[in-house]
Amino acid sequence: MDIHDRLKLLREELNLTTRAFGAAINMSGGAITNMEKGTRNITERTIRDVCREYNVNPDWLVNGTEPMFEDMTNDLDIDDEVKQLAKQYSLLNDKDRELVKRMIDSLAEKVNHM
């Protein structure tokens, strides 16, 4: 698998069209399609833009070294249990995230009234 294949895999993992994926980094859907097919080179700037916008590990995109995504919790001063909860939360869809938020708000309100 080369960088072009990984770009396509990333886009599919994010469940985005070429147009939506490209729009976030100021590129056309056609440009993304051409990169995925290998008919257009992927520049260093595009790599930086993709990694910044989608929290992608640049070493994964360029070389295939896992993990695909950067761990955004590394710089936070929180314990491992909270980091794990944040990772699990990030995998939820919007509806389930809203449910979790309401549950946490409800529990916090209950604690504050004790």
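Visitor: How many residues separate Asp49 and Arg45 in helix H4?
Guide: Four, so Asp49 and Arg45 sit about one helical turn apart in helix H4. This is a predicted model: local features need pLDDT of at least 70, side-chain atom pairs count only at pLDDT 80 or more, and totals for chains, interfaces and linings use all residues. Residues are numbered from 1 along each chain as its sequence is written, and side-chain values use heavy atoms, with hydrogens and water left out.

Visitor: What counts as a helix here?
Guide: A DSSP run of H or I with at least four residues; strands are E runs of at least two, and both are numbered from the N terminus.

Visitor: Back to Asp49 and Arg45. What joins their side chains?
Guide: A salt bridge, at 3.6 Å from N to O. The term means a side-chain nitrogen of Lys or Arg within 4 Å of a carboxyl oxygen of Asp or Glu. Side chains of opposite charge can pair when their charged atoms come close.

Visitor: Is Asp49 buried or exposed?
Guide: Buried, with a relative accessible area of 14%. Arg45 counts as exposed, at 58%. The cut-offs: buried is under 20% relative accessible area, exposed is over 50%, and partly exposed lies in between (1.4 Å probe, protein chains only).

Visitor: Which arginine forms a salt bridge with Asp49 at 3.0 Å?
Guide: Arg52. Arg52 and Asp49 are three residues apart in helix H4, so about one helical turn separates them. Arg52 is exposed, at 54%. Shared partners join Arg45, Asp49 and Arg52 into one salt-bridge network.

Visitor: Which other residues of H4 are buried?
Guide: H4 spans residues 44-54, and its buried residues include Thr46, Ile47, Val50, Cys51 and Tyr54. Their cover includes H1, helix H2 (18-23), helix H3 (29-37) and helix H5 (58-63). Cover here goes by contact, meaning heavy atoms within 4.5 Å.

Visitor: What follows H4?
Guide: Asn55, with a positive phi near 55°.

Visitor: How many salt bridges are there in total?
Guide: Three. One of them pairs Arg11 with Glu36, the closest N and O atoms being 2.5 Å apart. Arg11 is in helix H1 and Glu36 in helix H3, so this pair ties together parts that are 25 residues apart in sequence. Both Arg11 and Glu36 are buried.

Visitor: What about Arg6? Where does that one sit?
Guide: In helix H1, residues 3-13. Arg6 is buried but has no salt bridge. The nearest side chain of opposite charge, Asp2, is 6.3 Å away. Lys and Arg count as positive, Asp and Glu as negative; His and the chain ends are not counted.

Visitor: What does Arg6 touch?
Guide: Met1, Trp60, Leu61, Val62, Asn63 and Gly64, leaving out residues up to four places away in sequence.

Visitor: New topic, the surface. Which residues gather in a patch of negative charge?
Guide: Asp94, Glu98, Asp105 and Glu109. Asp94 belongs to helix H7, residues 94-112, and counts as exposed at 65%. Patch residues have over 30% relative accessible area and no salt bridge; like charges are joined within 9 Å, nonpolar side chains (Val, Leu, Ile, Met, Phe, Trp, Tyr) within 5 Å. A charge is placed at NZ of Lys, CZ of Arg, CG of Asp or CD of Glu.

Visitor: Which residues make the nonpolar surface patch of about 220 Å²?
Guide: Leu76, Ile78 and Val82. Val82 is in helix H6, residues 80-90, and is partly exposed at 37%. Accessible areas come from the Shrake-Rupley method with a 1.4 Å probe; for residues, only the protein chains shown count as cover.
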